[in-house]
Amino acid sequence: MNLATKFIHAGSEPDPSTGAIMTPIYQTSTYVQEAPGKNKGYEYARSQNPTRKALEDAYAIIENAKFGLAFGSGVAATDSVMKLLNPGDEVIAANDMYGGSYRLFTKVWERYGIKFIYVDTTDATNVQAAVTANTKLIWLETPTNPLMNITDIAAIAVVSKGANSILCVDNTFASPYLQNPLDWGADIVMHSATKYLGGHSDVIQGALMMNDAELREKLYFIQKSCGAVPGPMDCFLVLRGIKTLHVRMKQHCENGEKIAHWLRNHSKVTKVYWPGFEDNAGYEIAKKQMNGFGGMISFVLKDESIDAANKVLTGTHLFALAESLGGVESLINHPASMTHASIPREERIKNGLADGLIRLSVGIEDVDDLIDDLNKAI
Ligand SMILES: *Cc1c(COP(=O)(O)O)cnc(C)c1O
């Protein structure tokens with residue numbers, strides 16, 4: 001089935017009780033049983049909810065997975081993967097990743113005896129060199145946030161299999177429209193559904209997708225035992241978002257490409273980060289594993305001072321100054337003080353994240369209006 005058809009029909013079955021074409025919001029905490037132990041497959045809404053089930057079926061379909069699980073947020077999904085581990089286990093993670101994942105790893109999970117080794121995953125030999133007998137999880141992001149570094153998922157999957165480890169890819173930036181990590185050998189895909197899947201900046205949610213039934217059982221056990229489940233209204237919103245993912249992503253990509261090239265030619269801009277430039281180190285890999293390059297762009301001004309960056313950050317009208325990404329409306333963000341403030345400055349600078357770096361989530365408005373807005377601010 002082609003992408004457009006898949007995204008519209010994923011998980012959608014007419015409601016069995018009324019025939020409603022859209023999955024109803026089953027706003028209930030429990031289900032009446034006919035007799036003790038005799039029920040219709042639903043007992044208590046932390047464990048099962050029909051709206052959530054429709055969404056979890058959709059999650060599986062859009063990532064070419066057998067199973068999908070929904071969580072109360074992206075970090076709750078990440079946290080649930082960490083709960084597969086035991087004290088003494090080691091995680092190899094990307095040194096350039098979402099600040100909230102870094103905070104969860106260093107501030108929460110290190111306290112429970114999990115060891116994290118941060119490496120530049122764009123070179124698989126770095127990951128291989130960090131493998132020990134205790135390596136149980138490899139955590140990847142590609143493209144990375146905010147520097148758009150590209151990691152070869154298939155190459156890391158080979159390392160992970162050799163190490164008997166689980167490979168989990170945070171696929172939030174690409175969305176399932178642009179990239180399907182399970183097809184390249186990953187074991188788990190994680191999404192912040194808050195971003196492109198929801199697509200309208202009106203919901204917080206996370207997702208995990210996987211093919212292995214045993215892994216699904218373990219993660220389902222964690223989902224119901226730890227309880228980081230989303231409510232049915234939020235599941236409805238993400239189900240609705242997924243139906244237009246393909247048209248939105250097509251436009252994000254088209255607008256992103258135009259703005260990336262326009263910025264690159266701007267006399268006041270020195271560096272633009274976008275995975276679609278042919279002279280990027282990761283371009284060939286991006287072309288291999290992605291169906292397009294998306295609408296996430298970072299750039300640095302010639303004047304690298306924070307003051308100059310602040311003028312742009314507060315000078316746009318269409319691009320709203322806000323954290324988050326992936327909605328229909330364009331956002332502008334300052335990673336060093338906003339999304340990545342939880343990463344110490346030395347770590348940030350070491351990994352190439354300049355103080356003056358500006359990140360754009362290019363929306364699906366008219367691209368000429370967006371360029372005009374940026375042009376006035378720069
Ligand atoms: C936003 C984000 C997360 C965290 O998701 P929440 O839904 O905010 O909890 C994780 N990874 C990436 C790449 C993100 O952009």
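The model is predicted. The domain assignment divides the protein into domain 1 (3-242) and domain 2 (246-377). Between them, the two domains bury about 3,300 Å², and the rule finds one salt bridge across their interface.

**Domain interface**

- The C-alpha centres of domain 1 and domain 2 are separated by 26 Å.
- On the domain 1 side, 37 residues take part in the contact, and they meet 41 residues of domain 2.
- Carbon and sulfur atoms account for 61% of the area of about 3,300 Å² buried between domain 1 and domain 2.
- Asp 152 and Lys 288 form a salt bridge, in which the closest N and O atoms are 3.1 Å apart.

**Helices α2 and α9**

- Helix α2 spans residues 50-62 and helix α9 spans residues 232-242; their axes come within 9 Å and cross at roughly 35°.
- The crossing of α2 and α9 is left-handed.
- From α2, the contact involves Thr 51, Arg 52, Ala 54, Leu 55, Ala 58, Tyr 59 and Ile 62, which meet Pro 232, Cys 235, Phe 236, Val 238, Leu 239 and Ile 242 of α9.
- By class, the residues of this contact between α2 and α9 comprise eleven nonpolar, one polar and one charged.

**Helices α3 and α4**

- Helix α3 (residues 74-82) packs with helix α4 (residues 99-108) at an angle of about 35°, and the two axes are 10 Å apart.
- The crossing of α3 and α4 is right-handed.
- Val 75, Thr 78, Asp 79 and Met 82 are the α3 residues that meet Gly 100, Leu 104 and Phe 105 in α4.
- Four nonpolar, two polar and one charged residues make up the contact of α3 with α4.

**Backbone features in loops**

- Thr 142 and Pro 143 are joined by a cis peptide bond with an omega of about -5°; Pro 143 belongs to the loop between β4 (135-141) and α6 (153-162).
- The peptide bond from Asn 145 to Pro 146 is also cis, with omega near 10°, and Pro 146 lies in the loop between β4 and α6.
- Ser 201, a residue other than glycine, has a positive phi, near 55°.
- The loop that contains Ser 201 runs between β6 (188-192) and β7 (206-210).

Note on methods: Residues numbered from 1 in each chain as written. Predicted model: local features only at pLDDT ≥ 70, side-chain atom pairs only at ≥ 80, totals over all residues. Heavy atoms only, no water. Axes fitted to C-alpha atoms, helices over the stretch in contact; angles between N-to-C directions. Helix = DSSP H or I, 4+ residues; strand = E, 2+ residues; numbered from the N terminus. Left-handed = near helix turned anticlockwise from the far one by under 90°. Contact = heavy atoms within 4.5 Å. Nonpolar A, V, L, I, M, F, W, Y, C, P; charged D, E, K, R; others polar. Domains from an automatic or database assignment. Buried area = accessible area lost by both parts, 1.4 Å probe. Salt bridge = Lys/Arg side-chain N within 4 Å of Asp/Glu carboxyl O.
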